[in-house]
Amino acid sequence: MDASLLTVQPTASEPIYRQIVEQLRRLIAGGQLTHGELLPSVRDVAGFHAINPMTVSRAYGIAESEGLVERLRGKGMAVIATRKAAQSESHRLALLEPQLQALARHAHELELPAAPVLRRLTKLLGE
Amino acid sequence: MNAMPSETESTIAPLAVRGLVHSYEGSNALNGVDLALEPGSVLGLIGRNGAGKSTLIRIMLGLLEPMAGVATVFGEPALALGDEAKARIAYVPQQPEALAWLTAQQMLDFVGRFYPRWDKTFVRNTLERWQIQPNRLLAKLSPGERQRVDLIRALASQPELLVLDEPAAALDPVARRELLREVALRAGESGTTVLFSTHIVSDLERVASEVAFLHRGKLLMRCSVDETKERYARLWLPERLSSAAPAHSLSRRRHDNSSLSLVVELDERGRWPEAASLAGARVDALGLEDLFVEVAE
């Protein structure tokens with residue numbers, strides 16, 4: 001995996017370490033990162049995005065404690081979760097929760113009833 | 001104030017000030033500032049123009065004597081630093097003026113002799129990348145080029161403590177990103193302690209581990225960048241709910257339509273004030289810049 005695959009938005013209200021963990025979760029859940037694949041080194045990520053290496057270490061540490069990756073001596077961090085084994089549907093759905101809550105809030109602010117929102121969403125999902 | 005003999009090198013704050021007070025012609029520049037940097041941390045100092053950032057930095061380094069208060073650098077009194085301590089520090093002022101009669105190359109060759117770990121290769125490469133003609137007189141360079149030369153000078157000395165006053169102003173986006181990369185990697189890998197002031201908050205969000213808000217001569221807030229983003233939010237209450245507003249908030253603003261915006265903080269159990277859960281109330285996450293604008297108003 002290349003450091004440029006991660007995106008970092010320093011001005012977002014979500015801290016950078018959480019942005020990185022979140023992306024790792026999604027990339028692994030979506031199967032773009034597969035078992036055994038090595039994450040870019042802390043230095044590569046910090047250098048590429050011009051961010052503090054401690055922020056990257058913190059993100060990797062959290063990913064490790066969640067069982068997404070493991071530390072291989074002398075090699076770095078390797079992906080251990082695979083799509084089939086660890087990612088049930090409810091687990092993957094949980095990853096969408098923040099976006100779903102934001103959507104619900106916006107719909108609420110616009111005083112839109114659920115039905116038309118759901119119709120549009122169903123269409124977007126192609127079902 | 002001298003460092004206690006029992007203190008080990010790693011626990012001495014590279015920079016520390018206590019009770020700083022300073023004023024210029026009757027107007028208060030600093031009004032009781034306490035601040036200490038942990039070794040290896042990157043502290044970003046934010047403040048509006050005239051908030052006292054440069055004054056604070058100059059006092060911290062012993063370049064200016066405060067009217068009251070104490071400043072130490074690596075445990076030594078800032079106003080009486082020895083040569084050894086000075087060799088561990090690099091400071092880039094907002095408008096470098098020293099040695100203007102030399103060319104960039106002459107100045108760097110001259111200054112480099114005073115630093116045991118001077119990195120000549122870095123100087124050569126960076127002069128080229130940052131498009132500085134080494135043979136031009138410093139006095140003939142634009143302010144931006146002048147500051148770039150000074151940044152090269154500071155980084156080439158491989159300091160343990162790097163202090164930058166508004167470093168981003170002189171750099172284009174590519175060079176700025178490069179500077180941030182240098183700062184981030186040196187802090188993370190060589191344990192360099194960094195203090196930099198800026199009003200470009202996104203730069204600070206990339207590399208700083210901590211942020212301090214200086215406003216009207218006082219430190220309004222000092223906390224880790226991540227924690228700042230997680231701990232504070234804007235709570236908006238429509239007029240009918242405004243009586244439910246929590247008594248304690250960092251700022252409070254009433255809008256023309258009588259609705260209310262407050263900056264609120266998570267309590268020790270990680271929850272927003274009760275009013276946030278009322279129907280019609282809204283909690284919005286705040287970026288660092290928004291937070292600063294809210295509390296500095």
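Visitor: Which residues of α2(A) meet which residues of α6(B)?

Guide: This is a predicted model. In it, R43(A), A46(A) and G47(A) are the residues of α2(A) that meet α6(B), and on the α6(B) side they find R181(B), A184(B), L185(B) and G188(B).

Visitor: Is the crossing of α2(A) and α6(B) left-handed or right-handed?

Guide: The crossing of α2(A) and α6(B) is right-handed.

Visitor: How many residues are in contact between chain A and chain B?

Guide: On the chain A side there are 14 residues, in contact with 21 residues of chain B. Both α2 and α3 (53–65) of chain A supply at least two residues each to that side of chain A. The largest share, 3 residues, comes from α2(A). The side of chain A that touches chain B divides into 9 nonpolar, 4 polar and 1 charged residues.

Visitor: How many helices and strands are there in chain A?

Guide: Chain A has 7 helices and 2 strands, and along the sequence they follow the pattern α-α-α-β-β-α-α-α-α. Chain A is divided into domain 1 (3–87) and domain 2 (96–127), with C-alpha centres 29 Å apart.

Visitor: Now a pair within chain B. Why are α3(B) and α5(B) called roughly parallel?

Guide: Angles under 35 degrees count as roughly parallel. Helix α3 (residues 104–112) and helix α5 (residues 143–156) of chain B cross at roughly 25°, and their axes come within 11 Å. The two helices are therefore roughly parallel to each other. Their crossing is right-handed. In the contact, α3(B) uses A104(B), L108(B), V111(B) and G112(B), and α5(B) uses V149(B), I152(B), R153(B) and A156(B). These comprise 6 nonpolar, 1 polar and 1 charged residues.

Visitor: What makes β6 and β10 of chain B edge strands?

Guide: Their sheet is open and has 6 strands, in the order β6-β7-β8-β3-β9-β10 of chain B, with mixed pairing. β6 (89–92) and β10 (218–224) each have a single partner strand, so one side of each is left without a neighbour in the sheet. From one strand to the next, the twist averages 15°.

Visitor: How do you know that β3 and β8 of chain B pair, and in which sense?

Guide: Two strands pair if there are at least two bridges between them. Strand β3 (residues 42–46) and strand β8 (residues 193–198) of chain B have 5 bridges, in the parallel sense; therefore they count as paired. V42(B) has V194(B) in β8(B) as its bridge partner.

Visitor: What is the order of strands in the sheet that holds β11 of chain B?

Guide: The order is β12-β13-β11-β14 in chain B, an open sheet of 4 strands with antiparallel pairing. The edge strands, β12 (251–254) and β14 (282–285) of chain B, pair on one side only. Neighbouring strands are turned by 25° against each other on average, direction ignored.

Visitor: What makes β11 and β13 of chain B a pair?

Guide: The requirement is at least two bridges. 6 bridges join β11 (residues 232–237) to β13 (residues 260–265) of chain B, so the two strands pair, and they run antiparallel. L237(B) stands opposite L260(B) in β13(B).

Terms used
Residues are numbered from 1 along each chain as its sequence is written. Chains are lettered from A and ligands numbered from 1 in the order in which they are written. This is a predicted model: local features need pLDDT of at least 70, side-chain atom pairs count only at pLDDT 80 or more; totals for chains, interfaces and linings use all residues. Axes are lines fitted to C-alpha atoms, for helices over the stretch in contact, and angles run from 0 to 180 degrees between N-to-C directions. A crossing is left-handed if the near helix is turned anticlockwise from the far one by less than a right angle, and right-handed if clockwise. Two residues are in contact if their C-beta atoms, placed from the backbone, lie within 7 Å. Ala, Val, Leu, Ile, Met, Phe, Trp, Tyr, Cys and Pro count as nonpolar, Asp, Glu, Lys and Arg as charged, and the others, Gly among them, as polar. Angles under 35 degrees count as roughly parallel, over 145 as roughly antiparallel, 65 to 115 as roughly perpendicular and the rest as oblique. Domain bounds come from an automatic or database domain assignment.
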